[in-house]
Amino acid sequence: MNEIASCASHGEGIPAPTHAAGRRQPLIDGIEKVTGRARYTTDLPATQALTGAILSSPHAHAEIVSIDVSRARALPGVRAVITGEDCDVPFGILPIARNEYPLARGKVLYWGEAVAAVAAEDEQTARAALDLIEVEYRTLPVYISAAEARAPGAVLLHANKPGNVEREVNNTFGDVDAGIAAADLVREESFHYAEVAHAQIEPDCTLAEFDPESGRLTVQSVSQVPYYVHLTISECLKMDPADVRVIKPFIGGGFGHRTETLPFEITAALLARAARGTVKLQLSRAETFTIHRARPETDIRLKIGMKKSGEITAVDAEVVQRGGASAGYGIITILYAGALLHTLYRMPAVRYRGFRVYTNTPPCGPMRGHGGVDMRHAFESLMDMMAETFGLDAFAVRRANLFVAPYQSVNELKVSTCELAACLDWVEQASGWRSRKGKLPRGRGLGVACSHFISGAAKPVHWTGEPHATVNLRLDFDGSITLLTGAADIGQGSSTLLAQIAAEVLGLELARFRVIAGDSALTPKDNGSYSSRVSLMVGNAALAAAEDLKRQLVAAAAKRLEVGVEDIECLGEAYRVIGTDRMVSYRDVVKSALEVTGPLTTRGTYTVPLDMQGGKYRGAGVGPSPAYSYAASVVEVSVDEDTGQIKVEKLWVAQDCGVAINPLAVEGQVQGSVWMGMGQALCEETEFVNGRPLRGNLLDYRVPTIVESPPIEVKIVASYEPNGPLGAKEASESSLGSIPPALAAAVAEAIGVRLPGLPLSPDRVLAALHARRREERLKSALAGAR
Amino acid sequence: MTRLCEFSLRHPETIEEAARLLAAEPEVRVIAGGTALLTNLRLGLGKPASLVSLEHIPGLDKIEVSAQEVRFGAGVTLARLATVPAVRASLPALAQAALTVAGPSHRSAATLGGNLCLDTRCVYYNQNEVWRRSNGYCLKHGGEVCHVAPQGKRCHAAYSGDLAPLLLVLQAEITVTGTGGVRRMPLGQLYHDDGAQHLTLARGELVTEVSVPLPAPGMQLAYRKARVRDAIDFPLAGVAMGLRMDAGRVAELHLALTGTNSQPVLLTGTAELRGAAADAALAERVGKLVQRQASPQRTTVTTSNYRRQVATALARRLVLELAAAGAGQSRGTA
């Protein structure tokens with residue numbers, strides 16, 4: 001950077017080249033969002049669109065005896081009525097577990113499952129038509145908890161899954177029994193976690209346009225994975241994928257809610273084709289909650305063996321996840337809960353049993369920190385409890401278990417870089433831990449916890465043999481560069497990051513770039529925004545595409561300046577013969593480069609090296625990643641012992657994300673993680689009464705507001721990841737897992753009681769406080785009696 | 001949450017005309033700020049043929065301060081209630097209570113009258129049409145059974161207005177205007193303890209004015225609200241208290257609750273606390289009063305047991321807090 005900056009002063013009139021990466025860069029689409037110009041799916045101009053509406057099941061578990069749509073079809077203004085009859089292709093993100101239909105066939109498995117849909121000329125007519133559809137049900141027993149669904153004799157939700165268990169995982173790595181035997185202390189605890197939801201701000205919506213003349217379908221939807229939507233819709237509609245185009249408009253958050261094709265997206269396409277026109281299917285907040293796909297209700301039984309030094313000798317864990325009515329990502333989630341035990345601390349031996357259970361609740365799915373968040377709370381909590389027994393400080397017990405990268409875990413995961421030690425150092429120092437821990441006034445507490453996450457799954461969900469990511473850069477006569485990517489920017493800032501990487505390579509300002517993301521007619525296929533894959537994988541592809549373009553520009557400059565390519569240096573807005581004043585401007589280099597060939601398009605790809613793709617055991621595909629990001633958090637709370645109310649006073653988060661390509665966006669992502677972690681820790685939970693969701697609105701599903709937001713200090717620690725673009729790795733999910741356990745540990749110090757799970761809602765905290773007082777009274781009474 | 005039902009919006013220019021319009025048809029509702037009403041209508045709770053807006057009626061937004069009382073038009077917004085200097089000076093606790101309602105955008109539209117007449121709330125009621133239909137509706141709206149207490153004969157939906165308890169403590173009076181004329185009554189007479197019919201207003205009647213006598217010198221007042229989030233949330237329980245101490249003894253104590261019953265409750269039995277010293281025993285007695293008279297049911301996602309406990313805790317704490325504040329003040333003026 002210094003070299004180029006100093007060189008820039010040589011030539012008159014040549015703009016100073018700069019480096020675009022590593023800079024605090026406001027998002028390139030930020031102005032559109034804050035001014036309201038950005039068009040989300042529901043804002044798309046579609047004056048001719050019919051209104052779609054869904055008839056949902058009033059029962060949580062029932063056979064569909066009959067459906068009569070004749071009266072609805074006869075209603076004037078109704079253009080299409082469809083039912084499960086109209087789509088017999090099951091879908092699901094995993095090719096091995098497809099058992100969901102866009103509209104129920106034969107049975108309904110959860111309250112609110114779609115049974116029929118209509119497209120009509122206006123909303124009133126659509127709603128009236130729904131009321132005319134007659135469905136006869138024969139109700140079945142409803143299983144809301146995993147235990148009920150697993151009970152002997154329970155009706156099977158899916159005939160091929162005995163005991164309603166979607167997947168049982170049994171994995172043991174290392175010698176667990178020997179590890180337990182070698183421990184100075186073995187402790188086992190059970191934890192319960194309420195189900196939470198993503199509560200992304202944008203409700204679900206799809207706009208589907210079917211052109212009856214060409215037979216082609218264009219779908220615009222709220223997806224994080226436009227490619228999977230494309231694939232699934234063409235499969236479910238039995239269409240040639242070439243006749244389908246999927247466009248991703250602006251997206252108001254995802255967090256995993258939109259990481260698979262969702263039933264309403266297929267339904268909108270089915271309606272559009274049936275009506276031979278355009279259909280807008282806008283879901284309400286309540287319907288969006290029922291689509292769900294979030295973190296399941298989870299029970300964890302965890303046993304840890306520990307030496308007096310704090311060193312962990314073995315782990316034995318059992319996890320039961322209430323998965324909801326269909327497969328979705330369920331198998332992946334139950335595998336991650338085990339796999340992510342291995343790569344945060346050194347684990348000599350781990351036994352993991354996991355049960356993913358089908359229940360009569362909306363399907364769960366991947367949610368930020370996929371599979372790892374509840375287990376992380378259990379693990380960090382039990383580690384703290386055991387450290388207390390030994391009189392070890394919470395930092396000391398964590399430091400006793402750090403590994404030094406490069407590191408290979410017992411389940412064959414390879415960690416190339418890990419700066420967790422630096423993260424711990426920073427939060428310890430910044431929070432004043434050493435001088436304050438244990439000395440805070442009553443009702444106040446400090447807690448620390450660590451967490452981590454992958455930078456993209458090394459094995460994609462759909463194996464095609466293609467690279468993991470592809471980016472095109474287009475350069476035309478005007479000198480502007482268009483970056484074409486299928487990666488979905490859903491608010492996390494991926495479009496900005498990709499442009500920054502390309503601009504960095506080419507030494508150009510961001511203003512030279514445009515990013516087109518997520519239009520299957522224009523952009524190369526991308527697996528989508530999930531598993532924190534985009535920064536590293538798509539970033540590497542963008543880097544490669546930019547390097548290719550730079551090679552071509554250097555060659556053009558060399559030709560023009562009549563020297564060899566090795567004699568040319570790229571200064572961004574100029575190309576110069578090294579060691580001389582001879583240079584040619586970027587515009588002229590572009591002209592030369594386009595001579596003969598015409599406009600240029602380069603392609604960059606990224607494939608995870610084979611040796612980083614994991615082991616060979618069953619489930620080995622879940623866990624491997626080209627890089628892992630790390631975080632440590634300290635949370636300070638105060639607790640009102642009269643009301644059970646927790647106030648988060650302050651948070652310190654240290655993040656190892658490799659080189660931060662956009663530090664501003666990284667800080668934003670970490671703050672978002674804090675809020676999400678606080679929400680799960682303090683007050684977010686779903687609840688079902690007689691199978692009906694009780695909290696399907698944003699008053700009863702309590703996401704923390706800005707009033708609850710504490711001061712948050714974010715530190716990005718020095719780190720360089722050789723597998724990442726420009727040294728970068730994931731920065732959005734790794735910090736989340738540390739928040740709930742750090743917060744819970746702080747509460748434990750404040751009130752002297754550790755609650756066995758989440759959320760720490762005021763009623764639960766107060767009940768725990770009352771239980772503690774009863775116990776204290778009993779103890780003193782007994783002592784008095786003696 | 002779906003599109004609003006179709007209705008005609010009426011804009012009377014006098015209270016009398018508004019009353020006539022309200023009396024004229026059965027399916028008609030008053031709309032002031034609309035923050036609560038429109039949410040319920042979007043959930044399908046009622047399909048009024050017309051809404052009578054109070055927007056064009058002059059004088060409903062008045063705030064008049066005299067030596068004896070403050071008179072508020074029912075149309076005063078909560079934002080004004082919280083910020084107008086005259087209110088903050090003469091009734092600071094009321095301004096503070098107004099600030100606890102919902103969020104800033106709600107308060108800029110929501111009104112004093114609307115808050116007093118707030119519909120009762122229940123997890124079985126504040127759900128959308130599809131949800132309620134699949135649950136067989138409920139006693140409050142369209143059904144026969146109260147899902148909170150299926151054996152009972154009444155609706156247990158909870159009243160959740162944040163201003164009523166303090167206004168009860170302040171012995172506020174309201175003016176009700178209807179086709180039959182104008183009547184003035186203590187605020188308490190606006191309510192009865194039935195979640196399905198918690199207001200005593202007759203058809204064609206509306207609250208037009210609230211008169212709040214200025215508190216006696218030395219009277220300490222406050223409202224405390226228990227909720228999970230410190231914005232947006234309705235009270236899980238709210239406690240308003242007025243306490244006047246004389247020579248270290250209770251001279252006067254009033255205590256009212258919201259969020260716990262189908263109406264705001266001015267607690268009885270507080271006169272017996274007269275003469276008590278401000279100590280733990282007083283807090284205990286105040287707590288007992290709350291415990292006995294609060295009657296939270298399973299109408300929120302938070303347990304009724306917690307709501308009773310937290311109401312008790314807030315009241316116990318508040319009485320000592322106000323006693324200390326009063327003592328501090330008398331020391332200050334001495």
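Let me start with the interface: 24 residues of chain A are in contact with 24 residues of chain B, contact meaning that the C-beta atoms, placed from the backbone, lie within 7 Å. This is a predicted model, in which local features need pLDDT of at least 70 and side-chain atom pairs count only at pLDDT 80 or more, while totals for chains, interfaces and linings use all residues. Residues are numbered from 1 along each chain as its sequence is written, and chains are lettered from A and ligands numbered from 1 in the order in which they are written.

The largest share, three residues, comes from α20(A). Helices here are DSSP runs of H or I with at least four residues, strands are runs of E with at least two, and both are numbered from the N terminus. By residue type, that side of chain A has 10 charged, nine nonpolar and five polar residues; Asp, Glu, Lys and Arg count as charged, Ala, Val, Leu, Ile, Met, Phe, Trp, Tyr, Cys and Pro as nonpolar, and the others, Gly among them, as polar.

Now to a sheet in chain A. Its four strands run in the order β21-β20-β19-β25, open, with mixed pairing; a pair needs at least two DSSP bridges. At the edges are β21 (513-517) and β25 (600-606) of chain A, each pairing on one side only.

β20 (residues 481-485) of chain A pairs with β21(A) in the parallel sense, over five bridges. Within β21(A), Val515(A) is the bridge partner of Leu483(A).

Conventions:
Contact = placed C-beta atoms within 7 Å.
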